[in-house]
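Q: Please take a close look at one part of this model, the interface between the two chains. What does each kind of contact there amount to?

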Amino acid sequence: MNKLMTATDVVAQLRDGMTIGFGGWGPRRKPMAIVREILRSDLKDLTVVAYGGPEVGMLCAAGKVKKLIFGFATLDAIPLEPWYRKVRESGALELLELDEGMWQWGLRAAGMRVPFLPTRCGLATDVTKLNPELKTITSPYDDGEVLLAMPALKLDVALVHVNAADQLGNTLITGGDPYFDHLVARAADACYVSAERVEERFALTAAEARFNTFERYLVKGVVHAPCGAHPTACDPEYGWDMAHLKRYVASAAEDGGWQAYMDEFVTAGEAAYQDKNGGVERMGKLPLPVF
Amino acid sequence: MSDKVEFSLAELMIVAASEAWRGDGEVLASGIGVIPRLGASLAKLTHGPGLLMTDSECFLVEDPIPLGPRGDFVPKYSGSMNFERVFECVWGGQRHAMIGPTQIDRYGQTNLSVIGDYKKPKAAILGVRGLPGNSINHINSFIVPSHSKRVFVEGEVDMVSGVGYNPARWEPGMRQDFMAIRHIVTDLCVMDFEGPEHAIRVRSLHPGVSFDEVQEKTGFPLLKAPNLGETPHPTAAQLTLIRRLDPHDLRAAQLKGNPPGMRAAA
């Protein structure tokens, strides 16, 4: 069994109109090498499901997003995601804007194959008012509490970036926070991972094996992508690239800015992308942010 | 009052922010942003040693971490508080967060999503983030660095992201009793929700600020707390702690012009 493939192979599995979930959180451990391959493709009409960072903004900028299912889009150190903002303000996006908790509850329901999970999150806000498809349920027990029935968020595909993987599809997330990648993977018909390092077959210590957060049967493909989260952070390997993010932010204020960004960084492929960003020698040594 | 101690308005607000956590015992104190984080850290080092706190990433610390580059300081962790754990804490109600919403209305409803029409907004901000879940599950307080009618809007906020005390938004059977809004700390005053039916009251005024000025800059009617007085000034001991917690003086960049705590006479 060998699940090794290229980012191009992954994108070849994707279809117009698919619902695609992304791992990571804001500008942290996003599967950007695969995102760039989507940007190079003619895929369109995607439903993007994310705790959004630059992958949301870039896919919006490229006109690939029909619908966004999200709790936020941000670059953190730069609070406002420029291309999300621009496209959102144009009125061009269908939206399901969710509380962060509801978002993961929906993925969890999908992974558990139940139609919904109850929660208080979202009640008494415009989240439920703006999205009448979100329904409430009354507890069948004596308390009779009215709760939100967060519907399952089923994904066609999950895209996740991890620190290490093997060719069987085993993965390790070694950063301090695994985020919700396990839920994204479980909610999808197919999960593809990109990884900083790929081994033929893991031979881990017990301490290392604790960094495995979801099973290989969920993983349909493994892409070797060193610095594949750039310009987002990949704890503990490297931090986000503030200079690159600023360049990206500036593109949203320029006429033809997106095409210029594509031409400068994306169009020529991942090797050229790395060269443009100082190579993996620089990218892999970007300092982790300190708060 | 020790008027001899000089302090900035940001430092006054940090001390006021720390008061929001008074009496909370063992809850996760989440101060989002420089002033709230310093307020939470100050609370933990003074009146609230039981508070739980993180390194603003994913580990728990018992010694609040100074902001910014750390030099020789090496954090000592006491546990894990990754995002999944934070949500579990939120849903269990064991948290008191202080955040800076873009808009706040008379009910304490907050907006972090969009300004203007939802479908084609004048300005897209972050998205609702965790506000719906945080607001309905645990105590929240707010920080407002520039008190104005743009923040304290007339009517409801443009997109209700966090719940408040608006009866029209609550249906029978929904549990409202897990929510509580404690304080609003602004650059003019401290407010609370202790008026009749949770009406917002001005609790204390910062030095040199009048109630009329606060009312003038607020989009809805305010009440005066019966014991309305001046916001307590930072003590020398509190200022020493604040300087230790913020060695790079990030607090100086939080308010336009970094005004002094004692407002110059107009």
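A: The interface of chain A and chain B is described below, from its extent to its make-up. This is a predicted model, in which local features need pLDDT of at least 70 and side-chain atom pairs count only at pLDDT 80 or more, while totals for chains, interfaces and linings use all residues. Residues are numbered from 1 along each chain as its sequence is written, chains are lettered from A and ligands numbered from 1 in the order in which they are written, and side-chain values use heavy atoms, with hydrogens and water left out.

In chain A, 48 residues are in contact with 50 residues of chain B (heavy atoms within 4.5 Å). About 3,900 Å² is buried between the two chains, 57% of it given by carbon and sulfur atoms; buried area is the accessible area (1.4 Å probe) that two parts lose on being put together, summed over both. On the chain A side, Arg120(A), Ala124(A) and Phe291(A) lose the most area to chain B, together 17% of what that side buries.

Four salt bridges link chain A and chain B (a side-chain nitrogen of Lys or Arg within 4 Å of a carboxyl oxygen of Asp or Glu). One of them joins Arg28(A) to Glu57(B), with the closest N and O atoms 3.6 Å apart. By class, the side of chain A that touches chain B has 23 nonpolar, twelve polar and 13 charged residues; Ala, Val, Leu, Ile, Met, Phe, Trp, Tyr, Cys and Pro count as nonpolar, Asp, Glu, Lys and Arg as charged, and the others, Gly among them, as polar.
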